[in-house]
Every structure is written in C-alpha cells, then in structure tokens.
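Please look over the sequence and the model below, and then follow the sections in order.

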Amino acid sequence: MKRQKRDRFQRAYTHGYKAGVSGRSRDECPSQDINLREYWMSGWREGRGDHWAGMTGVSGIHKNPMVV
C-alpha cells in the first residue's frame, strides 16, 4: 500500500505546533523558505497558546495533530 505524499505546508504547521506545545523557541524554525516559515510560525503560535492554556498531556489530546 502506497502512502500519499504529505503536504509540505501541513507538515510545517504540525511541526510548528508540536514545537510550540513543547515550549521550544520560535527561533528553532528549520525552514528558510518564507512560505513554509509562515505555516511553521502559525502552528507554533497556536501550540504556544495551547501550552499557556494548559492543554498539554491528556488535557490537550483533542488538539494534538499527531492524533488526527
């Protein structure tokens, strides 16, 4: 069974979200491409907001992009 190729922008958003939830700095964005960086930062901002709201661990499982 072949896997579909994942959307680069969705992957950047997901990685940014995971970085934000885990409390990592936004300076750790791995991409230099402006479009991918925008998606990564958008995910980071949402993840950071969820981190501050206490949605980590079991309480944030409904927001976890890895569950989807």
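## The nonpolar core

The largest nonpolar core consists of seven residues, namely Ala12, Ala19, Cys29, Leu36, Trp40, Met41 and Trp44. A nonpolar core is here a set of buried Ala, Val, Leu, Ile, Met, Phe, Trp, Tyr and Cys residues joined through side-chain atoms within 4.5 Å, and buried means under 20% relative accessible area, with exposed meaning over 50% and partly exposed lying in between (1.4 Å probe, protein chains only). Helices α1 and α2 each supply at least two residues of this core, and α2 gives the most, with four residues. In soluble globular proteins, nonpolar side chains tend to be buried together.

## Basis of the model

This is a predicted model, in which local features need pLDDT of at least 70 and side-chain atom pairs count only at pLDDT 80 or more, while totals for chains, interfaces and linings use all residues. Residues are numbered from 1 along each chain as its sequence is written, and side-chain values use heavy atoms, with hydrogens and water left out.

## The chain as a whole

The secondary structure of the chain comes to two helices and zero strands; helices (H or I, at least four residues) and strands (E, at least two) are DSSP runs, numbered from the N terminus. The chain has 68 residues, of which 26% are buried. Among the contacts with a separation of 6 or more, 69% join residues 24 or more positions apart, where contact means heavy atoms within 4.5 Å.

The accessible surface of the chain is about 5,300 Å², and carbon and sulfur atoms account for 53% of that surface. Accessible areas come from the Shrake-Rupley method with a 1.4 Å probe, and for residues only the protein chains shown count as cover.

Helix α1 covers residues 8-21, and its 14 residues should span 20 Å at 1.5 Å a residue, which agrees with the 20 Å between its end C-alpha atoms. The expected span of a helix is 1.5 Å times one less than its number of residues. The buried residues of α1 include Ala12, Tyr17 and Val21, and the buried residues of this helix pack against α2 (34-52).

Ser22 lies in the loop between α1 and α2 and counts as partly exposed, at 48% relative accessibility. The side chain of Ser22 reaches back to the backbone oxygen of Ala19 at 3.0 Å. Just after α1, Gly23 takes a positive phi of about 90 degrees.

## Helix α2 and Trp40

Helix α2 has 19 residues and reaches 26 Å from its first C-alpha to its last, close to the 27 Å expected at 1.5 Å a residue. Its buried residues are Leu36, Trp40, Met41, Gly43, Trp44, Gly47, Arg48 and Asp50, and the buried residues of α2 pack against α1. After α2 comes Gly54, whose phi is positive, near 85 degrees.

Trp40, which belongs to helix α2, counts as buried at 3% relative accessibility. Not counting residues up to four places away in sequence, Trp40 touches a set of residues including Ala12, Gly16, Ala19 and Cys29.

## Links between the helices

A search of the whole structure finds one aromatic pair. The rings of Phe9 and Tyr39 have centres 4.8 Å apart and planes at 35 degrees, so the pair is tilted; rings of Phe, Tyr and Trp (its six-membered ring) pair if their centres lie within 6.5 Å, and planes under 30 degrees apart count as stacked, over 60 as edge-to-face and the rest as tilted. Because Phe9 lies in helix α1 and Tyr39 in helix α2, the pair ties together parts that are 30 residues apart in sequence. Phe9 counts as partly exposed at 29% relative accessibility, and Tyr39 is partly exposed with a relative accessible area of 40%.

A polar contact of 2.6 Å joins the side chains of Tyr17 and Asp50. A polar contact is a pair of N or O atoms within 3.5 Å; within protein, one must be able to donate a hydrogen and the other to accept it, and residues adjacent in sequence count only if both atoms are side-chain atoms. Tyr17 and Asp50 are 33 residues apart in sequence, and their C-alpha atoms are 9.2 Å apart in space. Tyr17 counts as buried, at 4% relative accessibility.
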